[in-house]
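Keep the 3D view open as you read.

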Amino acid sequence: MGGDVPRKGQRIVPVGAAAGVVHPSTGYQVARMLSSNVYFCEQIIEELALGDGFDPDLAAARIIGRTWTPDAMRQRAFAVFGGDFLMKQNVEGLKGFFSGFFKLDQGMWAGFLAGWKNLPNNEYHDGWFPRVKFGIIFLTKLPPSVAIDMITSIVTYSLGNGLDLIQSVTPLAGEPESFDQSLKFRQNNGDVAAKDEARTMCKRCEKCA
């Protein structure tokens, strides 16, 4: 659930579900979208106030970056793993997962369900240490078979999906690159993938004609 976050370098500035502001494990979206839009709109106002200094590429990167900060990306990576783990469970695994989940203190499980800056109980999940604490306590609440499966999944997921999960639970792996940090897309003359796709579609149309 939730889909991908916007690509670095795109000029189209998505909002809400189109920007991937959907909880990867729960599908919750409305409260997250409303909360993120405060910063999104603030940045739009700042960019438009630049007048002749307005740079569409940089503006798009900054606006999207107010929604998807490195901290938000880290928190999302933690939830993405949770959603991935849930998707591969059978009925018994799901029962074991949720029986353990709702044995947690309410603030912990409610904070995970919300999982966004300024939403209630987010202090349980807004940094690498609170997320590690949550994960360890959660493991102790799970049935042994589900706990072992989760530990195994953490290892295999980390090996197969790069640094995303590791960055979410430790400061040692650095942080995700921000949207406006490098602006590497300037070197690529815009959104190359979108342009290549458009050229391919044009060629197909020419053949059909």
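**From a loop to the core**

Asn121 sits in the loop between α5 and α6. Keep in mind as you look at this residue that the model is a predicted one. Asn121 has a positive phi of about 65° although it is not a glycine. That deserves a second glance, because most residues other than glycine have a negative phi. With a relative accessible area of 26%, Asn121 counts as partly exposed.

The loop between α5 and α6 also holds Asn118. Here too phi is positive in a residue other than glycine, with a value near 75°. Is Asn118 buried or exposed? Its relative accessible area is 56%, so Asn118 is exposed.

Along the principal axes, the C-alpha atoms fill a box of roughly 60 × 45 × 30 Å. Of the 209 residues in the protein chain, 41% are buried. Among contacts with a separation of 6 or more, 67% are between residues 24 or more positions apart.

Next, let's look at how two of these helices meet. Two packed helices are described by the angle between their axes and the distance between the axes. For helix α4 (residues 91–101) and helix α6 (residues 128–141), the axes come within 8 Å and cross at roughly 120°. That angle makes α4 oblique to α6. The crossing of α4 and α6 is right-handed. On the α4 side, the contact is made by Phe97, Gly100 and Phe101, and on the α6 side by Phe134, Phe138 and Lys141. Sorted by class, the contact of α4 with α6 has 4 nonpolar, 1 polar and 1 charged residues.

Which residues touch the most other members of the largest nonpolar core? Among its 19 residues, they are Phe97, Phe101, Phe134, Phe138 and Met150. The elements giving two or more residues to this core are α3 (70–87), α4, α5 (106–114), α6 and α7 (144–160). Of these, α3 gives the most, with 5 residues.

Leaving aside its neighbours within four places in sequence, Phe101 is in contact with Trp109, Phe112, Leu113, Phe134 and Phe138.

One last stop is Gln167, in helix α8 (residues 164–169). Why does Gln167 count as buried? Its relative accessibility is 9%, and buried means under 20% relative accessible area. Setting aside neighbours within four places in sequence, Gln167 is in contact with Arg74, Ala173, Gly174, Glu175 and Pro176.

Note on methods: Residues numbered from 1 in each chain as written. Predicted model: local features only at pLDDT ≥ 70, side-chain atom pairs only at ≥ 80, totals over all residues. Heavy atoms only, no water. Axes fitted to C-alpha atoms, helices over the stretch in contact; angles between N-to-C directions. Helix = DSSP H or I, 4+ residues; strand = E, 2+ residues; numbered from the N terminus. Parallel < 35°, antiparallel > 145°, perpendicular 65-115°, else oblique. Left-handed = near helix turned anticlockwise from the far one by under 90°. Contact = heavy atoms within 4.5 Å. Nonpolar A, V, L, I, M, F, W, Y, C, P; charged D, E, K, R; others polar. Core = buried A, V, L, I, M, F, W, Y, C linked by side-chain atoms within 4.5 Å. Buried < 20%, exposed > 50% of the residue type's maximum accessible area, 1.4 Å probe, protein only.
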